[in-house]
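Student: I'd like to go through this model with you and ask what stands behind each label. Could we start with the record and then turn to the coordinates?

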Amino acid sequence: MNQPQTTQPLLDIRGLHKHYGALEVLKGVDLSLQRGNVVTLIGSSGSGKTTLLRCVNLLEEFQGGQITLEGESIGYSEASGKRVRHPERMIARHRAMTGMAFQQFNLFPHLTALQNVTLGLLKVKKMPRDEAVALAEKWLDRVGLLERRNHFPGQLSGGQQQRVAIARAIAMNPSLMLFDEVTSALDPELVGEVLSVIKGLAEEGMTMLLVTHEMRFAYEVSDKIVFMNQGRIEEQGSAKDVFERPQSPRLAEFLKNIRF
Amino acid sequence: MYQSPSWLQELWIARDTLWAGFQASVYVSALAILFGTLIGIVAGLILTYGRFWMRAPFRLYVDLIRGTPVFVLVLACFYMLPALGWQISAFQAGAVGLTLFCGSHVAEIVRGALQAIPRGQLEAGRAIGLTFYQSLGYVLLPQALRQILPTWVNSSTEIVKASTLLSVIGVAELLLSTQQVIARTFMTLEFYLFAGFLFFVINYAIELFGRYIEKRVALP
């Protein structure tokens, strides 16, 4: 047998099930990302794309299936047939392996831009202060906000806050970045500055899983587009295939209602 | 001819009594505010984040104490604690009563402030790998404390005012001391006004302190 050498995927999701009470939100999702992949989840609201993203760093619990990140099982382990939740410390360590940017930015309002970025470096990575500050300044510079490092979130525009939030996540050196509708809460004229930061990161080979409604952006940056519908992956493929030659009628319907 | 002494002369004569009463009022209030705040923070945290079986006793404590007049609480501590076998002085009983009262109020203030923080804050803390206790210490409590401060100042001044109830169980705090002086001098209006002024001074000092801290930690 001459099987091609397959590298272990960075992120591997198998048979993911999630329900809130009787409401089933994810009905068995399989998805894997190779290192350097940019994968975008699209779909109408309620299709489960944000929930899927949040399961990856355990902001949502899930009841079935397995998520593996860099070979480590996320959230739960099987011990003699029983599903056991990892201890809090282990979960915290796994969460630090992924970075997340939120729709509402969620910057810490009582800390300056710089302190927002250094908090995780100091308390989670236990980095010496001068090292943490240098690294934070490097990333603030990278998102174009070095001169705003001593501003509080309340003194920054939405676009600036989101860029600080991305710097805060990236500075932790995660192996995977999750972007959850990061431009949805922004004024239209501020969307571009955030997207260009994400695009830059994609070009540098950062592995990313995104949820976005910016279809043109998704088309440009994604290696793979995943269309979700009612808790399942309905269709996936390259951006060209998904956007230009949709197979499923639901995807075709969804794309018809989207403006590019 | 005999001239009755002026109020200032009487005040001078009564200075030690009043000073001791003033000190007792400040001391018992400070104790109640300090320990009440500590109890309240712990109770508030448990009420917000604890599991049901942890919350239940604290919920009972808070509801019970807040639903009881402070006066009744002070009397209960004075009569019931010794009956239950804890021999304590009137001062101690009063301090316990005020502390329990303060704790129940601070607990609800803390719970309210923590619950007012958007969910995303805890999630953002978790997303960068902070444990729950780290998120609490570096993200949630610093924000909650800013919320708590104005209401906490209010509760503290309530404690100072409630400390006058200790006069009923025989603690010679400022009010009882004043009444003793009045019983001797019959200068009712003057000494009550003076006592009122001193209580105002204590509370105004607390308010100024609160405002100072508020300004120090204010966010732009």
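Tutor: Gladly. UniProt positions are given in the numbering used here, feature names are shortened, and annotations may be inferred rather than shown by experiment. Residues are numbered from 1 along each chain as its sequence is written, with chains lettered from A and ligands numbered from 1 in the order in which they are written. This is a predicted model, in which local features need pLDDT of at least 70 and side-chain atom pairs count only at pLDDT 80 or more, while totals for chains, interfaces and linings use all residues.

Student: Which residues of chain B does the annotation "transmembrane region" cover?

Tutor: According to the unreviewed UniProt entry, residues 26–48, 60–81 and 189–206 of chain B. In the model, residues 26–48 of chain B are 100% helix and 0% strand, with end C-alpha atoms 32 Å apart. Residues 189–206 of chain B are likewise 100% helix and 0% strand, and there the end C-alpha atoms are 26 Å apart. Helices here are DSSP runs of H or I with at least four residues, strands are runs of E with at least two, and both are numbered from the N terminus.

Student: How many helices and strands does chain B have?

Tutor: Nine helices and zero strands. Its C-alpha trace spans about 85 × 50 × 20 Å along the principal axes.

Student: Why is Met228(A) called buried?

Tutor: A residue is buried if 20 or more other C-beta atoms, placed from the backbone, lie within 10 Å of its own, exposed if 12 or fewer, and partly exposed in between. Met228(A) has 27 within 10 Å, so it is buried. Met228(A) belongs to strand β11 (residues 224–229) of chain A. Beyond its neighbours within four places in sequence, its contacts (C-beta atoms within 7 Å) include Leu41(A), Lys49(A) and Ile233(A).

Student: How do you know that both faces of strand β8 of chain A are covered?

Tutor: In a regular strand the side chains alternate between the two faces of the sheet. In β8 (residues 98–101) of chain A, Thr98(A) and Met100(A) on one side and Gly99(A) and Ala101(A) on the other are all buried. Four bridges join β8(A) to β9(A) (residues 176–180), and the two run parallel; strands count as paired if DSSP finds at least two bridges between them. Ala101(A) has Phe179(A) as its bridge partner.

Student: Why are β2 and β5 of chain A said to stand at the edges?

Tutor: The open sheet has the order β2-β1-β4-β5 in chain A, with antiparallel pairing. Strands β2 (23–33) and β5 (72–73) of chain A each have a single partner strand, so one side of each lacks a neighbour in the sheet. Further in, β1(A) and β4(A) pair over five bridges, and His17(A) stands opposite Gly64(A).

Student: What covers the buried residues of α6(B)?

Tutor: The cover includes α2 (88–97) and β8 of chain A together with α7 of chain B. The buried residues of α6 (119–127) in chain B include Leu122(B) and Arg126(B).

Conventions:
Two residues are in contact if their C-beta atoms, placed from the backbone, lie within 7 Å.
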